[in-house]
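Subject: Structure for you, with notes on salt bridges

Hi,

Here is the structure I promised. My notes on its charged pairs follow below.

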Amino acid sequence: MPESVSLTVGGRTMVIETGELAKQANGSALVRYGDQNVVLCAVTASEKPREGIDFFPLTCDFEEKMYAAGKIPGGYIKREGRPPEHAVLSSRQIDRPIRPLFPDGFRNDVQIVATVFSVDPELDADVLGVCAAGAALALSDIPFDRTVAAVRVGRDESGQYICNPTLPQYETGGMDIVIAGTADAVMMVEGGGDEIDEEDFLGAVEFAHGEIRKIVAAIDGLAKKAGKRKREFPVTAVDPDLERWLRKNFGKDVAKAMRIVDKHKREAAFGELNVDEALARCGKKDDAVKALLESPSSAKEFYKVIKAMEEDELRTMVVDEKIRPDGRKPDEVRPIWCKVHYVPRVHGSGIFTRGQTQVFTAATLGSTSDAQRLDGIVALEDKRYMHFYNFPPYSVGETRPMRGPGRREIGHGHLAERALEPLLPPKDEFPYTLRLISEVLESNGSSSMASVCGSTLALMDAGVPIRDHVAGVAMGLILKGDKYAILTDIQGIEDALGEMDFKVAGTKKGITAIQMDIKVQGVTVAIMREAMQQARKSRHAIIDKLVETIAGPRAELSPYAPRMIVIKIDPAKIKDVIGPGGKVINKIIADTGVEKIDIEDDGSVFITSLNGAAGDKAKQIVENLTKEVVVGETYRGTVTRIITIGAFVQILPGKEGLVHISQLAPTRVEKVEDVVKVGDEIMVKVVEIDSQGRVNLSRKALLGGVSANGDYAGRGPRPPREPREPSAASAPGAPPTRRRRRPHGRHDE
């Protein structure tokens, strides 16, 4: 029979159901939230552990189907294929808080699949995927001791925290943070904001943890009613005699290798500690150990013990001796050097090097049409700022096939993108699309934060007017019993053997991006506060290095970057600029030589050109196409037609008026052709737009003769005439004379 539990989270009703759908999975849960959001999560585990591996084979997938938003995928292929970036990031958000909570030594394949059935386009369902996964695991027979849930935190206009805000709310509130945890501790943090104060961030974490406890309690209550009994699973333990012998005979070697400063020399020293070396050290009294080392599983057990010894030695060094493998103090940043404008052709570039981690970032500026179009279930705008992170194998001295970006690369790129986005100028001030590529050239920890620093250098070198310098640093945590040490700017071995990877990026004013992953069963807010204070100090020191390299954005864009001209037209005139089938706009591009012209629905016109003169010419054409004729204004026009009573002159594209024969010259004109011919360019003045919209022009008004209103053009009022002698015809008593009336008015052909 189906069972469910209901609670209120963030002012909306959350219902968690089980027992009706996906019943062949080890566990499943359906989460309904608000009026439109529905997410199903199913978890399955293999019956037997996978042999010959030393890691936990967990796979998490967040499936976004377009039907959930009532949409059909764009393009030719109408079936969903490769997951979009948002789905990849949501999958990572499920994996990271859950992975550390499985029992140590559990090697069964586990797959978690969260499928969005229905979605509110303005309410992201990613946190519901974490809640559904936590519920499905709690209800299943898979060994998993602590229930996990997650919420998103934003702020309203008054600065109050909001649980699970809508997209507009967390955009206007300047905060978007996802927090996952158990009833006891925080497991994961992911998010950013507009230069958030450290205490504001910690307040958001505490606020979120209160909501998480409510969800966890509801799931645990449902699991007591409808959950399965946890299964037994085998744990392969290392033989205690072998572990004792290895610690005795290799302890000094591990301690010595751990203190080698250079990464590759240290790895080479650890590489010499292998099974063959252990066999060579066996004496006559070590026959039992020798037999264990010669067994098929010897290598796996040997390296498991050696890794445990490395972890113990690192804890001793850092917590007790206050020294790190490379000789630094816990709060010390590695040596930094950086350069800008490293290569000539790109629009902006920067090199950032911190210890043995080095990143090259290139910035490219494009037009508005170069923005990335997003076709997903969430109502996100097109991206005008993109950051892509690449991690080639040579960066760590390895060889492997070059594939497309994996989840790690996508996640690191998104984190760096989030760090800089709040500092970018708004579109109406700087209407460019920005694409940044960070190439990791060397890696020994914290390469994602190095890409943040490299991006700051590249953007400023390109002349992008970002508000301030942005830097990032990765913090670590080493635990030893009740004692701990927080490490600044962790290197690879400290990340691999430590308990926390806490990345913090921002300016000197506050935090713009943050990401925390842990390998233990949670951290406290007190530890997070200490780590953030230490990160703030080191972030400021790194920013000082960036300022020494480039004090601010360059005043001019790169000569290779396109120039953007923005004008605003009446939206009703857009059709006049585009023309039938794009005929008009394509002709403007061809005639002027500009790169492209983009028009938005609100009447914003973006002209992209590598040549300033070409851009100005295109701007003039567009303005003329959309300009209205104004009475009293002067225009340079082209004679298009001649008729008996005057000449038609085109004064704006698609707009012409009539210069009557009487308005062609200051003196009498017998034939229009005596003054102008078709194709002539003449200056004219608009003297009238009649009730039918017809435009009457005057050339005479600009030539110093009598204007249409009787004034001498340019010479003030007409002087009074001299009195004349009366003629015989006008004498008293003379018969009246008939005056011949000249034709007047306008006659069209």
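The structure holds 53 salt bridges. A salt bridge here is a side-chain nitrogen of Lys or Arg within 4 Å of a carboxyl oxygen of Asp or Glu. This is a predicted model: local features need pLDDT of at least 70, side-chain atom pairs count only at pLDDT 80 or more, and totals for chains, interfaces and linings use all residues. Residues are numbered from 1 along each chain as its sequence is written, and side-chain values use heavy atoms, with hydrogens and water left out.

Arg32 and Glu17 form a salt bridge at 2.9 Å, N to O. Arg32 sits in strand 3 and Glu17 in strand 2, so the pair links parts 15 residues apart in sequence. (Helices are DSSP runs of H or I, at least four residues; strands are runs of E, at least two; both are numbered from the N terminus.) Arg32 is partly exposed at 37% relative accessibility. Glu17 is buried at 18%. (Buried means under 20% relative accessible area, exposed over 50%, partly exposed in between, with a 1.4 Å probe and protein chains only.)

Arg467 pairs with Asp194, closest N and O atoms 3.2 Å apart. Arg467 is partly exposed at 49%, and Asp194 is partly exposed at 39%.

Asp461 meets Arg554 in a salt bridge, with 2.7 Å between the closest N and O atoms. Asp461 is buried at 3%. Arg554 is partly exposed at 36%.

Best wishes
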